[in-house]
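Here is a briefing on a protein model, grouped by topic. Please look at the sequence and the structure first.

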Number of protein chains: 2
Amino acid sequence: MTRVAHGEAEADVLAANAAFYRAFSEGDFAAMSRLWAERASVACFHPTSVVLVGRARVLESWKEILRQTSRLEMRCDRARVHLLGEVAFVTGYEGNGSQSAHLAVTNVFVLEDGRWRMVHHQAGPLSQPLPRLVSRSQVN
Amino acid sequence: MTRVAHGEAEADVLAANAAFYRAFSEGDFAAMSRLWAERASVACFHPTSVVLVGRARVLESWKEILRQTSRLEMRCDRARVHLLGEVAFVTGYEGNGSQSAHLAVTNVFVLEDGRWRMVHHQAGPLSQPLPRLVSRSQVN
């Protein structure tokens, strides 16, 4: 893979990762459903929970989470793509609203029919919340 | 991939996963070092900690863990392979000795030079320990 193609693939994976947190924040189950892979083996660890396996069970859990009336403004801080050909994993930290990130997260994506789609999510508690990075312009 | 090839790949990934817990339990840093990928992008979340990125930093952390004088007999219960071509992720639960598993785990492997090698590990606490599955022969 050329450097340019690598950079483009990383950007596409980051966009898919951002789409996940947008669907989560907006309670958009249709978008969440489109995001998860159709054919690849799918699994999900919600924080401190046992694993859910299979598209049906994973999406059922997200439907329940997204149905909650109190919306969470979820974000992924310091998202970093690790590209493995047509598979990629993203590491980062999940936070809600203006709060510091409180969960470590791994999101795994696969290129399915030309689109990066999620195959796995694991979020788990951090021992200490992680403050958002403040840009230099905000510091000075 | 044929069904037979798929089964063989799953068995090879499970063997690599088992090799990780054996190296961990035996404090065998050389084996741990051989297990992690040489070229692919490598990362690791130890329980409740921030991510470590890059082979050198990840292996430095394992050297420190394996140096501890009190050996941990680590095992991975209910290991399940999710095969994505030449990448695979394993979900399971980590336990120590005879104790119930207390960590949810994702291990990601990549086929490098014909060998499944680890590229990512995330372990995080379960809300409730998960008892080991007891085989029928032990029940009856």
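In chain B, strand β1 (residues 43-45) pairs with strand β6 (residues 115-130) in the parallel sense, over three bridges. Strands pair if DSSP finds at least two bridges between them; helices (H or I, at least four residues) and strands (E, at least two) are DSSP runs numbered from the N terminus. This is a predicted model, in which local features need pLDDT of at least 70 and side-chain atom pairs count only at pLDDT 80 or more, while totals for chains, interfaces and linings use all residues. Residues are numbered from 1 along each chain as its sequence is written, chains are lettered from A and ligands numbered from 1 in the order in which they are written, and side-chain values use heavy atoms, with hydrogens and water left out.

**Sheet and helix of chain B**

- Strands of a sheet pair through backbone hydrogen bonds, either parallel or antiparallel.
- Axes are lines fitted to C-alpha atoms, for helices over the stretch in contact (heavy atoms within 4.5 Å), and angles run from 0 to 180 degrees between N-to-C directions.

**Sheet and helix of chain A**

- Chain A has an open sheet of six strands in the order β2-β1-β6-β5-β4-β3, and its pairing is mixed.
- β1(A) and β6(A) pair in the parallel sense over three bridges, and A:Cys44 stands opposite A:His121 in β6(A).
- Helix α1 (residues 3-26) of chain A lies across β3, β4, β5 and β6 of chain A and runs at about 150° to β3(A).

**Interface of chains A and B**

- In this interface, 30 residues of chain A are in contact with 30 residues of chain B.
- The two chains bury about 2,400 Å² between them, 68% of it on carbon and sulfur atoms; buried area is the accessible area (1.4 Å probe) that two parts lose on being put together, summed over both.
- A:Thr48, A:Leu84 and A:Gln122 supply 21% of the area that chain A buries against chain B, more than any other three residues.

**Salt bridges**

- Over all chains the structure holds twelve salt bridges (a side-chain nitrogen of Lys or Arg within 4 Å of a carboxyl oxygen of Asp or Glu).
- Between chain A and chain B the count is zero.
- A:Glu38 forms a salt bridge with A:Arg55, with the closest N and O atoms 3.6 Å apart.
- A:Glu38 lies in the loop between α2 (29-35) and β1 of chain A and A:Arg55 in helix α3 (residues 55-67) of chain A, so the pair ties together parts 17 residues apart in sequence.
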